[in-house]
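Please keep the sequence and the structure in view while reading.

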Amino acid sequence: MSTVSAGFRLVRAGWVLVREGVVAALPGEELSGLPKFGWRLARLFTRRRALAYERSDRLAKAVVRLGPSYVKLGQFLATRPDVVGNDMALDLAMLQDKMHTFPTAEAVAAIEASLGRKLGDLYKQFGDPVAAASIAQVHAAETVDGGIARKVAVKVIRPGVRRRFFHDLESYFLAARLQEKYIRSSRRLRPVEVTETLAQTTRIEMDLRLEAAALSELGQSTREDPGFRVPSVDWERTGRDVLTMEWVDGVKMNDLAGLEAAGHDLKAIAANLIQSFLRHTLRDGFFHADMHPGNLFVEANGTIVAVDLGIAGRLGKKERRFLAEILYGFITRDYLRVAEVHFEAGYVPRQHNVSAFAQAIRAIGEPIHGQPAETISMAKLLTLLFEVTELFDMATRPELILLQKTMVVVEGVARTLDPAFNMWRTAEPVVSGWIAGNLGPRGLLTDARDGGKAMLALIRQAPELAARTERLSREIDLMAEHGLRFDEATARAIGKAEARYSRSGRVALWVIALTLVYIAWKLL
């Protein structure tokens with residue numbers, strides 16, 4: 001029955017997208033056959049007034065009707081232009097995560113249930129909500145510890161949101177499985193795997209203890225950084241459903257008039273923002289992945305304070321080296337080195353020619369050097385780079401796509417603050433400094449030390465590895481002699497899974513078909 005209900009929810013979502021003109025706004029003229037017929041049919045059922053709106057506005061209206069889980073779905077897909085295309089990703093990135101507030105009484109009940117204490121024991125004062133998003137809302141409150149009063153922000157999970165997300169995720173998985181099964185061209189995009197990533201991201205974001213941990217980690221790694229910080233966490237008043245943190249007094253970065261009235265240097269703030277983001281990405285491998293201007297405040301002394309760390313990005317040392325070297329390679333016009341880095345990182349298969357790949361990268365880099373630096377977008381450069389790498393069979397790298405999405409947002413904020421912002425001049429000190437420290441003599445010493453530690457660990461594990469090798473050798477000999485066999489329980493489980501998969505797919509298709517027939521009959 002869960003498959004049937006997921007099918008009905010999927011049909012409802014599709015109907016809302018049709019009525020709000022989202023499907024009609026897609027480039028259907030490029031389609032052919034049954035997809036083009038479906039697109040034309042969708043145009044017939046589109047609301048007349050919806051045709052007057054831009055595609056981004058149509059998306060926003062449809063998402064509001066569908067509910068908070070679809071806001072998160074849209075924001076997640078905005079980070080995957082490889083799945084939805086660059087134009088649609090830009091429209092999805094404009095979705096505002098703003099929802100109606102829920103009653104304060106429900107927030108109080110959630111806090112007391114999560115922390116196991118009465119509200120009066122936790123907060124001296126607890127105010128009405130000041131902001132609300134799809135997953136949680138924020139209240140202003142006051143605590144007293146050791147006789148010292150302190151204003152805090154209290155983030156509380158929206159009641160029932162986990163159950164709602166769980167049900168909607170069933171619909172997403174059903175759509176992904178049907179797409180993967182019946183649309184062969186979409187299999188390279190791995191829709192089921194994309195949906196699993198969304199599910200994992202959402203589960204993490206709905207546990208506010210994990211957001212608190214991210215704030216703590218970023219706060220620790222940036223405590224010596226000039227001009228950037230994150231709010232401190234009140235761990236005593238933080239649980240799965242509630243996060244209490246320091247209240248931030250500052251001007252939101254999307255309030256340009258307010259920033260100018262406060263006497264801030266907008267050009268200096270833009271430079272600080274970009275350098276802070278690159279510093280976190282290259283030095284720490286851990287960055288705030290939702291740095292839109294609504295999540296950024298500027299304090300009286302010019303310090304940038306980033307809030308709402310529900311989405312964070314991580315890069316390993318290999319990815320950081322990849323990013324630094326390609327950026328530096330474009331700055332110095334060393335396209336062969338940029339190509340070699342892709343091969344060394346294992347991103348481009350070895351059967352391709354390095355020189356041919358360097359030629360493709362030169363086609364991206366050379367036009368840049370004929371333009372004023374103020375007009376060159378680093379985010380656009382990375383977008384073009386990923387498009388070219390697809391021609392050379394570079395597999396999708398989710399961690400790099402999240403980085404690209406965040407860089408698009410951060411660079412956009414910087415150019416809003418300073419229309420003549422020079423991205424390359426601002427980034428060069430951070431990028432070249434990281435390269436000097438990690439790829440120069442000092443970096444070689446660090447790599448040698450890390451290699452020595454790895455070798456020592458391997459030596460310590462030698463007896464266990466030898467025993468495992470011996471067991472594996474015996475099992476291979478038995479397999480060669482008797483063949484690979486499944487026990488009866490495994491074979492039965494495989495058969496049941498295949499039958500369930502086929503049956504659920506057929507049921508879902510019948511549900512969708514009957515619902516569409518019913519809708520068409522009602523409209524006639």
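## A pair of antiparallel helices

The model discussed here is predicted. The angle between α14 and α15 passes the cut-off of 145 degrees, and the two helices are therefore roughly antiparallel to each other. In numbers, the axes of α14, which covers residues 317-332, and α15, which covers residues 335-344, cross at roughly 165° and come within 8 Å. The crossing of these two helices is left-handed.

On the side of α14, the contact is formed by R321, F322, E325, I326, G329 and F330, and these meet Y335, R337, V338, V341, H342 and E344 of α15. Sorted by class, the residues of this contact are six nonpolar, four charged and two polar.

## The protein as a whole

The protein contains 22 helices and ten strands. It has 524 residues, of which 44% count as buried. Among contacts with a separation of 6 or more, 69% are between residues 24 or more positions apart.

## An oblique pair of helices

Two packed helices are described by the angle between their axes and the distance between the axes. For helix α4 (residues 68-77) and helix α10 (residues 191-205), the angle is about 120° and the axes are 11 Å apart. α4 and α10 are therefore oblique to each other. Their crossing is right-handed.

Which residues make the contact of α4 and α10? From α4 come K72, L73 and F76, while α10 contributes V194, T197, L198, T201 and E205. The contact of α4 with α10 comprises four nonpolar, two polar and two charged residues.

## The antiparallel sheet

Strands of a sheet pair through backbone hydrogen bonds, either parallel or antiparallel.

Strand β2 (residues 136-145) and strand β3 (residues 148-157) are joined by ten bridges and run antiparallel. Along this pairing, E142 has K151 in β3 as its bridge partner, and D145 stands opposite I148 in β3. The hairpin of β2 and β3 has two residues between the strands, and G146 takes a positive phi near 65° there. On its pairing with strand β5 (residues 242-246), β3 has five bridges in the antiparallel sense, and V156 has V242 in β5 as its bridge partner.

## The mixed sheet

Another open sheet of four strands has the order β4-β9-β8-β6, with mixed pairing. β4 (228-229) and β6 (251-252) each have a single partner strand, so one side of each of these edge strands is left without a neighbour in the sheet. β6 and β8 run antiparallel and are joined by two bridges, with K252 standing opposite F297 in β8. Helix α13 (residues 266-284) packs on this sheet, where it touches β4, β8 and β9 (304-306), and the direction of α13 makes about 50° with that of β9.

Is D290 buried or exposed? D290 has a relative accessibility of 17% and therefore counts as buried, since the cut-off for buried is under 20%. D290 lies in the loop between β7 (286-288) and β8 (296-298). When residues up to four places away in sequence are not counted, D290 touches N295, D308, I311 and K405.

D393 is placed in the loop between α17 (378-391) and α18 (398-417). With 46% relative accessibility, D393 counts as partly exposed. Leaving aside neighbours within four places in sequence, D393 is in contact with Y347, P349, Q351 and H352.

Notes:
Residues numbered from 1 in each chain as written. Predicted model: local features only at pLDDT ≥ 70, side-chain atom pairs only at ≥ 80, totals over all residues. Heavy atoms only, no water. Axes fitted to C-alpha atoms, helices over the stretch in contact; angles between N-to-C directions. Parallel < 35°, antiparallel > 145°, perpendicular 65-115°, else oblique. Left-handed = near helix turned anticlockwise from the far one by under 90°. Contact = heavy atoms within 4.5 Å. Nonpolar A, V, L, I, M, F, W, Y, C, P; charged D, E, K, R; others polar. Buried < 20%, exposed > 50% of the residue type's maximum accessible area, 1.4 Å probe, protein only. Pairing = 2+ DSSP bridges.
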